[in-house]
Structures are given as C-alpha cells and as structure tokens.
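The following paragraphs lead the reader through one protein chain. Please keep the sequence and the three-dimensional view at hand while reading.

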Amino acid sequence: MNEAVFAHRIQFAFTVMFHYLFPILTMGLGFFIALFSTLSLITKNKRYAEAASFWARIFAVNFALGVVTGIPLEFEFGTNWSRFSSFGGGVFGQTLPLEGVYAFFLESGFLGMFLAGEKRVGRTLHWISGLGVAGGSLLSGYFIVATNAWMQHPVGYVMDPMGRVQLKSFWAVLLNPYAIWQYAHTINGALLTAAFVIGGIGAFYLLSDRHREFGMLSVKTAVVAGVILSITQLFPTGDLNGASVVRYQPTKLAAMEGLFDTVQGAPLAIIGMPDTQTGKLIDPIYVPQFLSFLAYGNFQATVDGLNSYARELWPPVELTYYCYHIMVGLGTIFIAQMLIGLFLLWRRKLYSSRWFLWMLMLTIPFPFIANEAGWTVAEVGRQPWLVYGLMKTAAGTSANVAAGETIFTTMGFAGIYATLSILFLFLVARIIHRGPQEGAPVHA
C-alpha cells in the first residue's frame, strides 16, 4: 500500500469513527424520546414528560455535533476518493442525498417542533413531533446502512461502457439482503447505547441524591430495555447479520475467527492471538465445532479458512479479529450486567445498590466502544475491497492528492474535533447539572 492510499484511509477512518459516536446515540435516544412522550400521553404522568424533555435537550446537542462532524465526510468523497465517487456515484448518489434531504429535514424539523414545547404547538402535534424525531433518526440510519450494505454486497446495478456502475433497481439497493440485518444489528446497538446513557445518568442522580424520581425512572427504563436489547443484539440481529458475512464475505468470517485452515467441524475461538506469519492462533481456547454450527447450523459443516484464498485477498487479520472479539466480549458483559440489574429490580434493591449504580454510570462508554469495534470489523474485514468484488480500495482514491496533504488536513481535523469534544462535554454536563425540567407540560 502506498503512502497516499494509507493516509487517505487513516483520515477517513478517523473522521468517520469520530462522527459515528454521535449518530449512535441520536438513533437510540430518538426512540426513547418517542417512548416517554407516548407514555406521557397515555398515563398523564408528568415524569414521562420531564424525561422526554430532558433527553430531547441531550439529543439536540448530540444531533448538532453529528451534523457538523458528518460534513467533512461528504467532502472527502470528492477530494480523497474521487475515483470511487466517479465509479459508484450512480448508486450511492441516490441513497446519500435521501439521507440528507428527507431524513435530515424530517429529524431536525420535528426536533425543533418538539423543543418548542407543548404549549406552543399543542399536545397532539407535540406528541407527533416526538414520533417524528424517532422516525427521522431511524430513517436516516437506514439510508446510510443501505449505502454501506451496497459496498458490502453490491446489488441492483449495471456497468456502463465507461466501467462505472449505474443504478438499475433502486428498490434492490434499499432491500439488499445484506442491509436488512446489518441495519437491525446497528439500530439495536444504538438503542442499547442510549439505554446505557439513560441508565448511567440516572445512576448519577441517584448516587448524588438529586432528582431521585427521574433517576429511578431512568435506571429502571435502562435495565428493562437493556436486558431485551443486549440479548437481541446477540440473537437474532447479531446471528443473522453474521449469516450475511458467512454467505457473502467468507474471508471476513475467517479473519474474525482467526481461522487459517479450512476445517470440517470448525471450532469457535474464544480467545487467542492470530499470527499471520505462521498461520496459527497462539494460545487459543476453543469451543469445539461451534463455529460450524453458528455459520451453517451444522456441527460437521466445513468452514473455509484464509489459506483457501489468495493472500492479497485477505483483510487485515489482526485488526479484524481483535475488534470482533472486543465487540463480542463487551456484548457478553452487557447481557450479564443488565440481568444483574433486572435481578436487583425484582428484589427491590436496584435503587439502593450503590455498587451497581456506580457500575452503570462507569460503563457508559463501553457500548460506544463496542459499536466502533463492530463498525471496524465491517469495514476493515471487507478489505481489500472498497466495493466488494468490484473495486479495490487502492483504486478508489484520488490520484493527485499527496500523502502529506492528507496528513496535514487530518491534523487540522484532530484539532477541530478536540475543540468540538470539549464543547460537547461542556454542553451536556450543563444539561445534566441543571437536571430535568420538573413540572414540564404533560399531555392531558
């Protein structure tokens, strides 16, 4: 890999991973805002209205940072990835604008209406705007995932005489079988992240003996939702998303599991260190035949190893393997943590178990790490392809942008993002310090 291609990849990875921190929370919080708003309408309980209002303010700050950090990505398509834009623009030029024109305006418009308050827009429109915030966030996420899924498993296109892809079926792209479970797994991860944030901040209020009723509602909501979401993150969404990898990207599967040799009755690696020089997994602990079962539903099925493919078609094995195991390991911890919380709720000790509240608060960053790790597996595991089977990554970069120029602008992005991070933390900390607006309007 030449220096310019490496610099372009590093810059895009850095900017997209920083940006991804914000949509993860926005997509998840939108659902909970709609949930609290609906419960307020049904029960007339002012606590739900306070919760919807509080999380909408967090959502607004997060949404603004997500928009700002997403803008450089659009420019990078033209500056650093111009050959990719020329090659695939006929397809993703249809889906990405939809994310911006429809989902973005739907999301931001309804958010403004929701923040304006029930007194100004009326209770019915206020409730509808809460649903619109959630719908816009989820729709926005789908267009992004569908675009990425096309790069993972290109469908619904034809090649023109110039060697560029042109859209043949818009619906084939939107209903790409790779997109369905990738989206479900991504959104489930976003909802789980929001549950941890809600629970962690609620735990903070209980530990500091402030806004106790709001804290109790937040922690209870997080635990109940967290149990469901952490389990469904594993099955069915994770399992069926993995089935797409098995079917369409066998080299990614082999890298995820550190499987070098083709094996009948392949074992599942719990831990171990992949060594690409020797083609072995160092100090592994295996579950015998379980990878074959997970991949094909048959303990005796044959799973292709990396050695079945040309070396130049291998993804970066170590990064894919470790990120996958970080994601799965954290996911397992999430299930255990939320089940403990549910047990404490059942024993009526959830709000007084300070050790659990501390754990809930301190684990807020972990779902973000798990989501970033999962996204890294999806993107790095697809290498060396930019569009799987059609265009390699090195062929998609701009030919006239030098490595030094990209490194320079990356340093600029790092400085700007550091400033934005401080601003974001300051604004969110101020909202948390002020707490919920007690006595917020209630749907009545």
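Lys44 is found in the loop between helix H1 (3-43) and helix H2 (46-79). The model examined here is a predicted one. Although Lys44 is not a glycine, its phi is positive, at about 65 degrees. Lys44 has a relative accessible area of 45% and is therefore partly exposed, since that class lies between the 20% limit for buried and the 50% limit for exposed.

A second residue with this backbone feature is Gln289, which is not a glycine and has a positive phi near 65 degrees. Gln289 sits in the loop between strand S5 (280-287) and H10. Its relative accessibility is 30%, so Gln289 also counts as partly exposed.

The backbone deserves attention at two prolines as well. The peptide bond that runs from Phe235 to Pro236 is cis, with omega near 10 degrees. Pro236 belongs to helix H8. Another cis peptide bond links Gln383 to Pro384, with omega about 10 degrees. Pro384, for its part, is located in the loop between H13 and strand S7 (385-387).

Consider now the chain as a whole. Its secondary structure consists of 15 helices and 8 strands. The C-alpha trace spans about 65 × 50 × 40 Å along its principal axes. Buried residues account for 52% of the 444 residues. Of the contacts with a separation of 6 or more, 77% are between residues 24 or more positions apart. The accessible surface comes to about 19,800 Å², and carbon and sulfur atoms hold 69% of it.

Two individual residues show how a position can be described. Gly89 is part of helix H3 (residues 82-116). With a relative accessible area of 23%, Gly89 is partly exposed, because buried requires a value under 20%. Leaving out residues up to four places away in sequence, Gly89 touches Phe84 and Gln94. The C-alpha atom of Gly89 is 7.9 Å from that of Gln166, although these residues are 77 residues apart along the chain.

Is Cys323 buried or exposed? Its relative accessible area is 11%, so Cys323 is buried. When neighbours within four places in sequence are set aside, Cys323 is in contact with Ala373, Thr376 and Val377.

Finally, the second largest pocket may be examined. Its volume is about 1,200 Å³. The lining comprises 46 residues, and those closest to the centre are His185, Gly238, Tyr324, Met327 and Val328. Several elements each supply at least two lining residues, among them helix H7 (177-207), helix H9 (250-257), strand S4 (268-275) and helix H11 (317-346). Which element gives the most to this lining? It is H8, with 11 residues.

Notes:
Residues numbered from 1 in each chain as written. Predicted model: local features only at pLDDT ≥ 70, side-chain atom pairs only at ≥ 80, totals over all residues. Heavy atoms only, no water. 1 Å grid on protein atoms, 1.4 Å probe; cavity = no way out; pocket = protein on both sides within 12 Å on 5 of 7 lines; lining within 4 Å. Points joined across faces, edges and corners; volume = space filled by probe spheres on them. Helix = DSSP H or I, 4+ residues; strand = E, 2+ residues; numbered from the N terminus. Buried < 20%, exposed > 50% of the residue type's maximum accessible area, 1.4 Å probe, protein only. Contact = heavy atoms within 4.5 Å. Areas by Shrake-Rupley, 256 points an atom, 1.4 Å probe, with all protein chains shown as cover.
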